[in-house]
Amino acid sequence: MRVMLRAHIDTQAANEATRAGTLPQAMKKLMDKVKPEAAYFGPSEGVRSCWIVFDMQDSWEMPALLEGLFMELNAEIEISPVMNAEDLARGLSQMQGG
């Protein structure tokens, strides 16, 4: 299932990781794990943030994928199922008229 991860990264934890040089490594490790379809980075709600779209086969994958963000960067995380335009068109075509 295609999902979008939204993570707000704690400023103090990100500052410490930046000074220690571990922030790029943490993000690379995440990218290597999820193999994203798309990934965007920028400020949101006053903190460093990322939006990453990737395929997750099952919910049991979440701990292995997300614990680094929690433990290394004290991130606040949301994961939501998402569709691209083709997925939406396919889903809508399956609906009965009503």
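Okay, some housekeeping. Since the model is predicted, local features need pLDDT of at least 70 and side-chain atom pairs count only at pLDDT 80 or more, while totals for chains, interfaces and linings use all residues. Residues are numbered from 1 along each chain as its sequence is written, and side-chain values use heavy atoms, with hydrogens and water left out.

Let's start inside. How many residues does the largest nonpolar core have? There are 22, and those with the most contacts inside it are L5, L30, I52, F54, L69, L73 and I77. By nonpolar core I mean a set of buried Ala, Val, Leu, Ile, Met, Phe, Trp, Tyr and Cys residues joined through side-chain atoms within 4.5 Å. Buried is under 20% relative accessible area, exposed is over 50%, and partly exposed is in between, using a 1.4 Å probe and protein chains only.

Which elements give two or more residues to this core? Those are β1 (2–9), α1 (11–20), α2 (23–34), β3 (47–55) and α3 (62–73). The one that gives the most is α2, with six residues. These labels are DSSP runs numbered from the N terminus: helices are H or I with at least four residues, strands are E with at least two.

Take F54 from that core list. Leaving aside neighbours within four places in sequence, F54 is in contact with M1, R2, V3, L5, V34, K35, P36, E37 and L65. Contact here is heavy atoms within 4.5 Å.

You'll find P36 in the loop between α2 and β2, and at 28% relative accessibility P36 is partly exposed.

Now the helix pair. Two packed helices are described by the angle between their axes and the distance between the axes. For α2 and α3, the axes come within 9 Å and cross at roughly 170°. Those axes are lines fitted to C-alpha atoms, for helices over the stretch in contact, and angles run from 0 to 180 degrees between N-to-C directions. So α2 is roughly antiparallel to α3, a label for angles over 145 degrees.

Who meets whom? From α2 we have L23, A26, M27, K29, L30, K33 and V34, and from α3 we have A64, L65, L69, E72 and L73. That contact divides into nine nonpolar residues, no polar ones and three charged.

Last stop, backbone angles. Most residues other than glycine have a negative phi. E45 is not a glycine, yet has a positive phi of about 55°. E45 sits in the loop between β2 (38–44) and β3, and is exposed, with a relative accessible area of 71%. N74 is not a glycine either, and has a positive phi of about 50°. Where does N74 lie? In the loop between α3 and β4 (76–81), and N74 is partly exposed at 48% relative accessibility.

Technical notes
Parallel < 35°, antiparallel > 145°, perpendicular 65-115°, else oblique. Nonpolar A, V, L, I, M, F, W, Y, C, P; charged D, E, K, R; others polar.
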